[in-house]
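Please study the sequence and the structure shown here. The briefing that follows is arranged by topic.

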Amino acid sequence: MVTAVAYRLAAQRKQIDAALAPFLLSLETLREVKNKMRTELEYGLKRETQASATVKMLPTYVCGTPDGTEKGKFLALDLGGTNFRVLLVKIRSGRRRSVQMYNKIFAIPLEIMQGTGEELFDHIVQCIADFLEYMGIKGARLPLGFTFSFPCRQASIDKGTLVGWTKGFKATDCEGEDVVDMLREAIRRRNEFDLDIVAVVNDTVGTMMTCGYEDPNCEIGLIAGTGSNVCYMEDMKNIEIVEGNEGKMCINTEWGGFGDNGCIDNIRTKYDKEVDEGSLNPGKQRYEKMTSGMYLGEIVRQILIDLTKQGLLFRGQISESLRKRGIFETKFLSQIESDRLALLQVRRILQQLGLDSTCEDSIIVKEVCGAVSKRAAQLCGAGLAAIVEKKRENQGVEHLQITVGVDGTLYKLHPHFSRVLRETVKELAPQCDVTFMLSEDGSGKGAALITAVAKRLHNVGQK
């Protein structure tokens, strides 16, 4: 009897290991990912390959980081997910340098996220009007920075054409349009106030600028949250699609599209393919779908369904709730993987999801979560290693010291993601000494700082 049970357990173990094996990436594989990312970054910067590049390398026209002389009152808008924020930011310069912020959060209902572009921008302007009234500043024509965390092709700092929606947005008549024009039109339609829209900003750039305000060594911004993206300061001479060779410009890599040309298909599992096929944008953002918070829970759910079908979990019974797409949120991964959590608490979390689990089930679920999130952090680290190596070569130094500004719930809240990410970068870019700095509100404060820097550089240009 004991032998039979041991055989059964060994056979089960083998099946579980087989399911999770594709998530275990060797150092060699990670090096390969780093090298492929580097190749794709170069394609995005070159004039003749930019149009077909999967990593878009979009110029942001942000050409400087804060120098401490920025001052004034600024409005900032932050649209990047299901919530929309409006902020008033007061920046003081000099010895008593400080940034004060006041903000209000507004929800964006699903029907507006997936309605028409006009409805979306009218809703945004309604929120701005509420905020201006609330702050008692409706008459002031303040400079405004608009954090718009979707892929945009910019022709200048205040012009951003939406390349395509991500993160569940589907508003019609927006793709291919200038979002700043759409915002101006909506303000005009309302006809209650006027604003000076100075800059349209990606959240990665805001993150970099916020940390750059504290640490001049910060020239990279990383978002590891619902989405996954990186920006960095690139030498102008390497950006073929923009005129001029002097100085630097911040490039929004939009690296989530890495692999859309099939170059990382060798590490995509059948679960990744299922998640991709069931998403709003099949075939697109493949790297993001393996590294970002929006998709990790869904990958876990697909594995759990597969293991249950094989009779290895939940007594072989697929519950109604497990059949529901999106039921397994990424926050559950963070909770389940917490080192402080006993198996009984893991069972409790699974019960909340309608999954009646044994202690053995809980161990397996924890293992699945660990495999998926570790791979995400390693892949993210491999991509980042490609960027810091490129920065080192740009500067022509043997050893690079650089700071990466980071934001995003996955980095901040997951118990192991940040550590694995840092270890991977260290392993793959040993000649780079990388400091990670948490951004305090990059999308709000950062947008205001970019607006302030743009105003400063504009004034210098006029003089």
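Strand 1 and strand 11 (residues 248–252) run antiparallel and are joined by 2 bridges. Two strands count as paired if DSSP finds at least two bridges between them. This is a predicted model, in which local features need pLDDT of at least 70 and side-chain atom pairs count only at pLDDT 80 or more, while totals for chains, interfaces and linings use all residues. Residues are numbered from 1 along each chain as its sequence is written, and side-chain values use heavy atoms, with hydrogens and water left out.

**The sheet**

- Helices (H or I, at least four residues) and strands (E, at least two) are DSSP runs, numbered from the N terminus.
- The open sheet has 6 strands in the order 1-11-10-9-12-13, and its pairing is mixed.
- Strand 1 (58–59) and strand 13 (432–438) are the edge strands, each of which pairs on one side only.
- Pro59 stands opposite Ile251 in strand 11.
- In general, strands of a sheet pair through backbone hydrogen bonds, either parallel or antiparallel.

**Helices on the sheet**

- Helix 6 (residues 203–214) lies across strand 9 (218–224), strand 10 (228–235), strand 11, strand 12 (400–407) and strand 13, and runs at about 135° to strand 9.
- Helix 14 also packs on the sheet, where it touches strand 9 and strand 13, and its direction makes about 160° with that of strand 13.
- Axes are lines fitted to C-alpha atoms, for helices over the stretch in contact, and angles run from 0 to 180 degrees between N-to-C directions.

**Helix 12 against helix 14**

- The axes of helix 12 (residues 359–395) and helix 14 (residues 417–428) come within 8 Å and cross at roughly 40°.
- Helix 12 is therefore oblique to helix 14; angles under 35 degrees count as roughly parallel, over 145 as roughly antiparallel, 65 to 115 as roughly perpendicular and the rest as oblique.

**Two buried residues**

- Val453 lies in helix 15 (residues 442–462) and is buried, with a relative accessible area of 2%.
- Buried means under 20% relative accessible area, exposed over 50%, and partly exposed in between (1.4 Å probe, protein chains only).
- Leaving aside neighbours within four places in sequence, Val453 is in contact with Gly64, Thr65, Pro66, Glu70 and Met209, where contact means heavy atoms within 4.5 Å.
- The C-alpha atoms of Val453 and Gly64 are separated by 7.0 Å, although these residues are 389 residues apart along the chain.
- Gly227, in the loop between strand 9 and strand 10, is buried, with a relative accessible area of 10%.
- Not counting residues up to four places away in sequence, Gly227 touches Glu288 and Ser292.
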